Amino acid sequence: MSFVDDVREAVLAVPAGSVASYGDIGRRIGVGPRQVGRAMSLLDESVPWWRVVHADGTPASCHDGAAPELLSAEGTPMRGRRVDMRRARYRRPA
């Protein structure tokens, strides 16, 4: 399995209403956040890309800026234009 497949699997595990940062995903699979971003650009539309945000809660700006609307539709906690990372960060079960 490639690291792109690992990124896909990790993103699919993030439930609606929650998010993970690029760094969160990277730590989970053993790569850096930039590698996660690169892998995200290779994934298809079936992967909930909007659930992966910057460490400060800033949503992705790709896809014509659709992430904030998609996050809002899922009930993701926000603080202004950013995700409230304290409340919304997905912490996978141990």
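P33 is partly exposed, because its relative accessible area is 45%; buried here means under 20%, exposed over 50%, and partly exposed in between, with a 1.4 Å probe and protein chains only. P33 is found in helix α3. Helices are DSSP runs of H or I with at least four residues, strands are runs of E with at least two, and both are numbered from the N terminus. Beyond residues up to four places away in sequence, P33 touches Y22 and G23, where contact means heavy atoms within 4.5 Å. The C-alpha atoms of P33 and A55 are separated by 9.6 Å. These two residues are 22 residues apart along the chain.

The model is predicted: local features need pLDDT of at least 70, side-chain atom pairs count only at pLDDT 80 or more, and totals for chains, interfaces and linings use all residues. Residues are numbered from 1 along each chain as its sequence is written, and side-chain values use heavy atoms, with hydrogens and water left out.

Y22 and G23 are buried in α2, as are D24, I25 and G26. The cover over the buried residues of α2 includes α1, β1 (20-21), α3 (33-40) and β2 (52-53). G30 follows α2 and has a positive phi, near 85°.

Helix α1 (residues 3-12) packs against helix α2 (residues 22-29) at an angle of about 120°, with the axes 10 Å apart. Axes are lines fitted to C-alpha atoms, for helices over the stretch in contact, and angles run from 0 to 180 degrees between N-to-C directions. The two helices are therefore oblique to each other. Angles under 35 degrees count as roughly parallel, over 145 as roughly antiparallel, 65 to 115 as roughly perpendicular, and the rest as oblique. From α1, F3, D6, V7, A10 and V11 meet I25, R28 and I29 of α2. The residues of this contact divide into 6 nonpolar, no polar and 2 charged. Ala, Val, Leu, Ile, Met, Phe, Trp, Tyr, Cys and Pro count as nonpolar, Asp, Glu, Lys and Arg as charged, and the others, Gly among them, as polar.

The count comes to 1 aromatic pair. The rings of W49 and W50 have centres 5.7 Å apart and planes at 90°, so the pair is edge-to-face. Rings of Phe, Tyr and Trp (its six-membered ring) pair if their centres lie within 6.5 Å; planes under 30 degrees apart count as stacked, over 60 as edge-to-face, and the rest as tilted. Both W49 and W50 are buried.

D84 lies in the loop between β4 (82-83) and α6 (85-88). D84 is buried, because its relative accessible area is 6%.
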